[in-house]
Amino acid sequence: MSLITDPNPQAGAGSQSNVGQQSQGGAGSQAGSGFDYRSILPEDLRNEKTFEPYSKVKDQNEFMQQLARGYHSAQGMIGKKGLIPPGEQASPEERMAFRKELNKTLGIPERFEDYKVELPPDAKLDAEKVNTWRQKLHMLGVPQSDANKIFEAYIKEEQAAAQAEEAKLQGWENETKQRLGANFDRDINYARAALRELDNGGKLGALLEETGLGSHPEVVTLLSKVGNMLGERGPRGQGSAIQSSNLSPDQAQVEIQQFERTHREALFNASHPDHDFAIKRRQELYMSAFPKKLS
């Protein structure tokens, strides 16, 4: 279009102005749109990525509205408190101060000992384990609110494990009683006597107590047989016999009944090769069973 072909010569000047404005947009104008937001920005800001979100506005009026809203939102943030991370040139003291303030904002205790643990009345937890958990939580930067949830889950797991362990031990004890039946007291005394005789230093007994294996039917049965064998061996064996002095009066009375049943022939047959041993052994048991009457 030119002045020569323009059917409205009166609009000539205005048309020339519009042509100038369009030429200013040039390569920066948006394809398929009659408005380029960069055309009204200062030249040094036209390539700033800050304004890229406005690239889809339809006209200048919409651009100004969105720009006004953005400015209003930015003004609302001014003056609010916030944490500014230390820069690359920050000193160790500044970094430490930032970390301390960040932990305070997030609810992370300053020391691991400051984690508050609310234990149920029936909770049985080792204090050392609790402190170990505190240290781990503090190292991982866990806030107090989240730590409460972790402790709660941990306590529930520990309680469930304790209940399962108690049920297992009770099951072993019940099975042992069922297996030994009427001979329970006698065989338990044999097992205890064998343990006293063979457990030098008490390490085996401590292990059986700690693990609960002292109630396991297989362990009790084995030690009972060993105790019975040691009792029958007496002074004729290579090792020392189970001393009757280690038995309580009640245990000794049970031992007498068992011994008289198993050594009846040796006790009442003077020509039996074990007669002297049987007589001596029964006498020792009687001394333990009735110490006051025979002293």
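Is Val-226 buried, exposed or partly exposed? Select Val-226 in helix α8 (residues 217–233); with a relative accessibility of 23%, Val-226 counts as partly exposed, where buried means under 20% relative accessible area, exposed over 50% and partly exposed in between, with a 1.4 Å probe and protein chains only. This is a predicted model, in which local features need pLDDT of at least 70 and side-chain atom pairs pLDDT 80 or more, while totals for chains, interfaces and linings use all residues. Residues are numbered from 1 along each chain as its sequence is written, and side-chain values use heavy atoms, leaving out hydrogens and water.

Leaving aside residues up to four places away in sequence, Val-226 touches Ala-194 and Leu-198, contact meaning heavy atoms within 4.5 Å. Helices here are DSSP runs (H or I, at least four residues), numbered from the N terminus.

Next, select Trp-133 and Tyr-154, an aromatic pair that is tilted, with 4.9 Å centre to centre and 45 degrees between the planes. Rings of Phe, Tyr and Trp (its six-membered ring) pair if their centres lie within 6.5 Å, and planes under 30 degrees apart count as stacked, over 60 as edge-to-face and the rest as tilted. Trp-133 belongs to helix α4 (residues 127–139) and Tyr-154 to helix α5, 21 residues apart. Trp-133 is partly exposed at 29% relative accessibility, whereas Tyr-154 is buried at 9%.

Finally, select Tyr-286 and Phe-290, which form a tilted aromatic pair at 5.8 Å centre to centre, with 35 degrees between the planes. Tyr-286 is partly exposed at 30% relative accessibility, and Phe-290 is partly exposed at 28%.

Definitions and conventions
Helices (H or I, at least four residues) and strands (E, at least two) are DSSP runs, numbered from the N terminus.
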